[in-house]
Amino acid sequence: MTILAAEGGIDTRVQLVAIVVTILLFGLVIELVRRRRLVERYALLWMSAALALFILAIWRDLLEIGSDFLGIAVPANALFLVAFAVIFVLLLHFSVATSRLGDETKILAQEVARLDEQQRRLRANLNGDGAGPAQPEREEPAPSSARTSDQ
Amino acid sequence: MGRKSLPATHLGATLRAMAAEQSDQLRKLAIVPAYNEEGMVAKVVRDILSADPTFDVVVVDDGSTDRTIAEAQATDATVIRLPFNVGIGGAMQTGFKFALNNDYDVAVQVDGDGQHKTEYLPELLAALNTEGQADMVCGSRFLEDPGYKVPIGRRIGNLIFSVVLTLIVRQRITDPTSGFRMTNRRGIELFARDYPHDYPEVEAILMLNAHRLRIHEVPVRMNARGFGRSSIDYPRSAYYMAKVLLAIFVGLTRRRPVPVDDPPDTPGGESVAPGAVAGASADPAAQGGGS
């Protein structure tokens, strides 16, 4: 375990580990899609992330080229910076997606409540008393369908 | 569920005569997915009914923000209103579920933008019946002259999918992205249970293939998409290609593309009359295994 011996050895070993890990990541994503736990849209996202890591693992100079380009002295810092930026954008995206889901859930709940009320009223009318000819069914206006188009 | 097997008198008839006779009794549904199509949707419904008045029409409004619903309700169509936009795949599946729940034997997709020419409905129907071998009939633009100028990007994308699908399905598929399709009861059952989320056409063909349902293409012409937004522009087409190709190749590694297996003896569309009774009794079990 002299430093000299480690010099070349650890570098390739780290590289090897990185390659294996990214390949595993890739496989995991595909397996998740196969089991229908992940839709293709997000799979593509993670697969491109895994691909980027894979390229960095194979082509070691790329990181240095990149850091030079960004004007960052230590290549590792460039990696952290980029990774941080990517994760930031991802999280933001997920926040947007979650907000949309919340919105859609709210609309669904309102629709269910409306249908439930309507159903009760109709049933009450049906079960005799016909007394209160509750206002005739009128078409409900479309729920202000929040602009939740996917993508 | 309450589908009765055909009267025994039909058994002696030739296939063709049987098919012709059947088509009068079949319950047929046209599914019109519409997203902000206030200008076209009513015309599409009228065209369907004038092309073949024996069709029932259901308009699936995919969370439109314009007057699509009002326009559709002014016609003879049933209108299903989705509370928000779920995409074409979800909208079509809504239609298939409606078809399943209301015991339709035939369902055809006719897009609400007027791209699909309803005058071909009888031809699709005839192919579905007389081919006898087809569970889904697709209107293909590329078997003959498409009738309009298909943008070059679409042509290339279509060609790639066409080659890949033809190899997998072992049958020539010329227009895998065509949405102008008619399917029988077996297809309805399959799609009601599972239908791809976005850009569903290509994957739907693979699903049919995996379930041993047969596909037949019929040449049709289509109208060029009206002015305005085409649903697939350039930034999206890359995603389209990647998504569908990923789905195709992942789909190949799945044993079954649908989580739930077929019930052992589904009443197989129109053809399997004797099995229908047994199939009906097996149904509750099949429903229970749904989750």
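In chain B, the buried residues of helix 8 pack against helix 4 (87-101), strand 5 (136-140), helix 6 (152-169), helix 7 (185-193), strand 7 (215-219) and helix 9 (234-253); contact here means C-beta atoms, placed from the backbone, within 7 Å. The model is predicted, with local features needing pLDDT of at least 70, side-chain atom pairs counting only at pLDDT 80 or more, and totals for chains, interfaces and linings using all residues. Residues are numbered from 1 along each chain as its sequence is written, while chains are lettered from A and ligands numbered from 1 in the order in which they are written.

Helix 8 of chain B spans residues 200-210 and is mostly covered, with 9 of its 11 residues buried (20 or more other C-beta atoms within 10 Å of a residue's own). Among them are Pro200(B), Ile205(B) and Leu208(B). Arg212(B), with a positive phi near 60 degrees, follows this helix.

Chain A holds 4 helices and 0 strands, both being DSSP runs numbered from the N terminus (H or I, at least four residues, for helices; E, at least two, for strands). Of its 151 residues, 6% are buried.

Glu40(A), Arg41(A), Ala43(A) and Leu44(A) meet Ala242(B), Lys243(B), Leu246(B) and Ala247(B).

Terms used
Buried ≥ 20, exposed ≤ 12 C-beta atoms within 10 Å, placed from the backbone. Contact = placed C-beta atoms within 7 Å.
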